[in-house]
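This briefing accompanies the sequence and structure shown below. Please read each point with the structure in view.

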Amino acid sequence: MDDRDLNDTWIYGPQAYCDKTVIWNDVICQVRRGNYYYEGNSSSWAKADDIVAAGGAATEAQPPGEELGVGGLVTSSLGGTDNIGLNVNESLASFPIGIPTSSWDYGYTMLHAMGLGRNSTILNSLLQTGRIGSRVWSIFWGRMWVDDNSAVDGSIVFGGYDQQKTIGKNYTQPLDFSDNTGCWTGMKVHISSVKLNFRGGNDQELFDLNNEIDACIVPQRQLLLEAPQWLHDEFERATGMQSIGTSYGLHWSASLYDASTVFDGDLTISLSTGLEIRVPNNQYLVPYVDIDRNGSRIFNSSERELLLTAVTGHPATLGHYFLTAAYLMVDIDANTFTLWQANPTSDSQLVSHAADVECTNQTTPGSGEGPPSYSQAPQVTSGLSGGSVAGIVVGVVGGLAIIGVGLFFYFRRVRRRPRDDNRVIMSQNVDYGSQAGRLSELPSPDTNKPSYSPVHDLHGPPVAFSEVSGQHHYTYEMDGNTIGRN
């Protein structure tokens, strides 16, 4: 999982410390974690006293709203280095990773964590080794839970952004980590409107004149929007939907509804900057999905999960389903973040990004002022040169798992792909030229057991590795293919 809050990269070993109140057994834990890393099986693993001694960041902050155990990760975890493959020609040698040895995260945000914070070790390493020209990352989550013709790969890009995934004017704001914002990722936005978009063309506003929401963009959150109770209540009143329960599946805490009675229109979230993000119906009213006790994936097409839920005790959040309709770029060096409307396309044009973007105007969230005028385009170079922009394979769109490899360091989900070509790896000593290298960190799958269906799997590198083969199913989390469906 890409994690804006963390600096280091944290990979789970076989003691994965799942929350027993949410994860019922060890099989489900292994599936939900995204499979395990076995450092003893890696010839390139080198143990250190801790992750700091291995070259990692010295601190992981514990701001309000962050996972409860983050503050103790550095001191309590096993640290060391291993080699991470980037593409068919390059890798990051002796890259610092941490293996948690205690419970630190919630059961619903529980995948391996790739830290993209202000002192991100992976961004620092890519910059220092010349793979990227600036500490910039950008993300589009993709489109899932749809048919093959509508599914769109997600991507995360390091060193720039994917111009083809953006529409229209961008809106750039400063990252603000001050205590008074209540936003631990620094990406605070002001939601001025939420509208229902009826299929007949009419819209209905869910806010009244006195209702506005300050929200924090948290890409690793599992829903679209966590907001005050009144917004959830107003959504149900306007749509006539009545909840039949709460989900404890992959979209933990979402409200459940009878699929035959759900609203069939879209939802538009408007920000005070002037940006309007229209979220398709199938990206916020999604099928009920869970992992069964035997590790198989469960779909219940008679129920839908509403990815808008009530929150108390911490700020409202926009999670990764917001990024199915919005495109986000974060420039750590310029201390800014930029949003566009997302263009859900499989086309790609990577553009490197200079670290000198300016906000030509700024607003104070909640000020009630009209839309400001922001810089219309980030500072970019012409085309790609000198390895100044890259993407990275990180497992599964909709639930990013273990760091892997791919051309331009991309991760993505594919609609259909031969089973032997769906791979996700942590690289060791790999002979990319002969394709003879076999990695041993992750357990090999049992090829005698059946795969799942239908598909929206991620493909891995252009060469075939065999540590973890993908399955043919809608992807949300990497399940290692060690378990078959009954």
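Asn7 is buried, because its relative accessible area of 10% falls under the 20% limit. The model is a predicted one, and Asn7 sits in the loop between β1 (2-3) and β2 (9-10).

**Surroundings of Asn7**

- A polar atom of the Asn7 side chain lies 2.9 Å from the backbone nitrogen of Asn119.
- Apart from neighbours within four places in sequence, Asn7 is in contact with several residues, among them Ala57, Thr59, Glu60, Asn119 and Thr121.

**Ser134, a buried loop residue**

- Ser134 is located in the loop between α3 (121-128) and β7 (136-140).
- Ser134 counts as buried, with a relative accessibility of 2%.
- A polar atom of the Ser134 side chain lies 2.6 Å from the backbone oxygen of His353.

**The hairpin of β17 and β18**

- Strands β17 (residues 266-271) and β18 run antiparallel and are joined by 4 bridges.
- The two strands form a hairpin with 4 residues between them, and Gly274 in the turn has a positive phi of about 110°.
- Ser270 stands opposite Glu276 in β18.
- In a regular strand, side chains alternate between the two faces of the sheet.

**Salt bridges**

- The whole structure contains 7 salt bridges.
- One of them joins Asp333 and Arg135, whose closest N and O atoms are 3.0 Å apart.
- Asp333 lies in the loop between β23 (326-331) and β24 (336-342) and Arg135 in the loop between α3 and β7, so this pair ties together parts that are 198 residues apart in sequence.
- Asp333 is partly exposed at 40% relative accessible area, while Arg135 counts as buried at 14% relative accessibility.
- Asp162 and Lys165 form another salt bridge, with 2.9 Å between the closest N and O atoms.
- Asp162 is buried at 0% relative accessibility, and Lys165 is buried at 4%.
- Arg221 and Glu226 also meet in a salt bridge, at 3.6 Å from N to O, and both residues are buried.

**The chain overall**

- The chain has 4 helices and 26 strands.
- Of its 486 residues, 62% count as buried.
- Among contacts with a separation of 6 or more, 71% come from residues 24 or more positions apart.
- The accessible surface of the chain comes to about 17600 Å², and 45% of this belongs to carbon and sulfur atoms.

How values were computed:
Residues are numbered from 1 along each chain as its sequence is written. This is a predicted model: local features need pLDDT of at least 70, side-chain atom pairs count only at pLDDT 80 or more; totals for chains, interfaces and linings use all residues. Side-chain values use heavy atoms; hydrogens and water are left out. Buried means under 20% relative accessible area, exposed over 50%, partly exposed in between (1.4 Å probe, protein chains only). A polar contact is a pair of N or O atoms within 3.5 Å; within protein, one must be able to donate a hydrogen and the other to accept it, and residues adjacent in sequence count only if both atoms are side-chain atoms. Contact means heavy atoms within 4.5 Å. Two strands pair if DSSP finds at least two bridges between them. Accessible areas come from the Shrake-Rupley method with a 1.4 Å probe; for residues, only the protein chains shown count as cover. A salt bridge is a side-chain nitrogen of Lys or Arg within 4 Å of a carboxyl oxygen of Asp or Glu.
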